[in-house]
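Please consult the sequence and the coordinates together.

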Amino acid sequence: MQDRSSRFIPHVQGLRAIAVALVVLYHFWPARITGGYIGVDVFFVISGFLITGHLMRELEQTGRVKLREFWARRARRLLPAALLVLLFCAIVVSSPYLTPISSIQREVKEIVASTFYVENWYLAATSADYLNHTSDPTTVQHYWSLSLEEQFYVLWPLLILLAAWIGVKLLRGRTRRALVRTRRSVVLMVVLVTIASLIFGIVLTLADPAPAYFVTFGRMWEFGLGALIALVPALQVRQPVVSFVLGWGGVIALGWAAFRFDGQTLFPGYAALVPALGAAAIIAASNTRRWWYPTRILGVRPMRFVGDISYSLYLWHWPLIIIAPSVPFWGLSIYHRLALLAICVILAWLTKRFVEDPARRWKVLTVRRGAFSLWTSLAAMVVVGAVAVGGWAINAPAYNQGVAALAQLRDNPPSCFGAQSVLDASCSPTANLGTILPAPGFAGADAPSDASCFLELTDSVPVVCNFGSTDPSAPRIALVGDSHAYQLLPTFQKIAAEKGWHLVTYLKGACPWSTTPLSTPGAFGDACTTWREAVTKDLASSSFAVVYTASLASTPYAKGSYPSVHAAAVAGYQQAWQSLTSRGIPVITAVDNPAWETDPNKCLRTRAESACTGARSDLLDPNDPVRDAASGQNLVTLLDFTDVYCTATTCSPVIGGANVYRDQDHLTVTWVDTLQPEYEAALEKAIAAKSS
């Protein structure tokens with residue numbers, strides 16, 4: 001029963017190189033290799049192939065699998081490098097110089113979750129959207145895949161032992177060879193688990209794609225594909241022509257997915273079959289006769305080198321990408337990115353040479369029973385977790401001071417502060433020069449606090465929140481839209497309270513109020529459509545003095561029957577608004593604010609304000625459909641603060657001493673408050689016009 005998975009296979013190591021290259025290049029240049037995240041799926045297939053082959057060899061040669069020894073070997077192989085990087089992250093995030101104080105608490109939670117290999121479940125539980133970046137990622141978010149793999153290493157040998165026991169006990173007499181009975185039983189188990197996991201993953205992706213990306217059982221089928229190649233010798237193809245076609249077909253499948261998939265692809269689901277089957281095809285291709293066969297090309301020395309350091313390269317690249325923008329004098333140019341990539345490769349090689357390899361052979365661990373390695377690993381994990389928690393404890397007083405300072409700033413802002421330094425004729429544009437409030441390290445916390453009023457992901461039933469006057473005769477205003485409407489909520493609450501109005505909100509992330517469907521497939525797009533229909537129905541049955549709506553300019557809309565996506569977006573907004581204006585209810589909307597490539601606070605923490613500006617042409621969407629949708633529409637008012645955010649050529653993250661952004665495209669509450677007079681005046685004018 002000797003099989004190919006028992007030997008070192010150069011082209012599989014080369015496949016590791018492809019996998020890590022896809023992930024790393026995707027993270028460095030997400031707009032270029034839009035589907036590079038499939039590299040993780042390639043790793044899963046490889047792991048299933050190698051681990052299953054190892055377990056079956058031990059089972060067939062000894063009649064058992066020593067679980068503690070197996071898990072101890074996995075711990076010695078994986079934990080030293082992983083814990084080293086986690087320790088590095090724990091120390092870095094404890095420094096307010098490199099990490100904003102407002103995000104330290106979340107960083108610590110995820111470091112602890114990653115240390116104990118439950119990061120994937122933490123992200124699933126907190127509804128993180130890995131592909132669409134619904135919030136600033138932490139330095140350890142990439143540990144979700146390592147957590148899932150570790151869970152596989154725990155569960156898989158148990159399933160194999162169970163299948164082997166069933167094969168011996170329940171299938172006795174069906175074949176004369178116990179080894180054949182065992183292998184057939186294991187194959188049957190793997191087939192059943194793979195099919196069940198694939199179906200579960202597809203259904204969950206359609207129903208709730210964000211957590212589906214992280215859930216262990218929804219990914220188990222990818223390990224199962226690799227396992228089947230290890231278990232069934234017939235799937236390890238040596239026939240030259242078939243092997244050649246399989247190998248290059250797999251490479252083409254990976255390349256196609258890497259450049260055709262993107263953040264809008266419904267993934268994993270059906271789409272994950274492309275990279276998973278592509279990786280399986282490359283592994284299955286076994287013939288190395290000719291130099292032009294992929295099995296030979298993938299096995300060349302440079303590919304093997306990258307494959308050798310792939311684990312450490314995966315560990316190091318992501319924290320450095322997150323931290324680099326906060327390092328003084330480090331920019332985002334192509335040269336900085338290439339230099340950072342080189343640093344990642346060097347660190348990966350050093351970690352492989354001086355941490356990974358020695359730890360596997362360290363006699364203090366290898367000469368003792370497996371339990372010793374496991375207990376030592378647990379102790380090291382506790383130490384790393386304690387360092388992370390200690391970092392939070394050190395920074396907690398500064399965090400609490402930041403909360404108090406933020407509250408005081410909102411209650412008593414300086415004169416000529418923020419937008420008023422531009423809009424108020426009595427103020428100088430250079431008012432409060434040198435001031436940045438809130439501080440760049442705390443801007444991330446300057447967000448709306450009524451999270452229960454804001455739906456996300458696949459939630460489709462509108463949550464209606466009411467604020468302000470309860471007097472039945474009070475003018476009723478509605479705030480409707482996506483996160484760019486939600487960012488206005490605290491200011492609109494103040495306006496309603498001060499003016500004696502009643503405020504009603506309908507807010508859902510990444511789902512502007514429009515009749516044009518999103519191009520996002522599956523449950524997310526369907527939930528947005530359902531939510532919009534319910535909101536429109538509710539608005540139609542209610543009486544409002546005015547409705548304010550806002551939206552992200554780059555929202556992905558479906559083209560449908562329109563000549564362009566832009567035309568479809570314009571028509572969708574107009575049709576939604578006309579459901580109100582046709583009844584005499586005025587609508588107010590606004591041109592979207594600038595959006596940055598990365599959170600400008602990363603720059604502001606270490607550089608002068610003047611060094612953190614951006615080109616107007618890069619940050620503003622020149623085709624914001626809201627602008628064209630509002631043109632010539634009766635009872636529709638368009639607010640345009642573009643010239644407040646930007647000069648003719650540049651946009652600034654700090655205006656009149658106010659820190660404008662809390663992340664790359666969402667505004668701080670402090671900044672929005674400085675626009676209160678403009679919002680208030682527009683609302684009053686619309687209410688007065690309707691009353692007359």
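A salt bridge is a side-chain nitrogen of Lys or Arg within 4 Å of a carboxyl oxygen of Asp or Glu. The model is predicted: local features need pLDDT of at least 70, side-chain atom pairs count only at pLDDT 80 or more, and totals for chains, interfaces and linings use all residues. Residues are numbered from 1 along each chain as its sequence is written, and side-chain values use heavy atoms, with hydrogens and water left out.

Under this criterion, 15 salt bridges are counted. One of them joins the side chains of Asp357 and Arg360, with an N to O distance of 2.6 Å. The two residues are three positions apart in helix α15 (residues 334-361), so about one helical turn separates Asp357 from Arg360; helices are DSSP runs of H or I with at least four residues, numbered from the N terminus. Asp357 also forms a salt bridge with Lys352, at 2.9 Å from N to O.

Burial is judged by relative accessible area: buried means under 20%, exposed over 50%, and partly exposed in between (1.4 Å probe, protein chains only). Asp357 is buried at 15%, and Lys352 is likewise buried at 15%, whereas Arg360 is partly exposed at 36%.

A further salt bridge pairs Asp673 with Lys494 at 3.7 Å, N to O. Asp673 belongs to helix α27 (residues 669-674) and Lys494 to helix α20 (residues 489-499), so this pair ties together parts that are 179 residues apart in sequence. Asp673 is buried, with a relative accessible area of 13%, while Lys494 is partly exposed at 28%.

Finally, Asp41, Arg219 and Glu222 are linked in a network of salt bridges.
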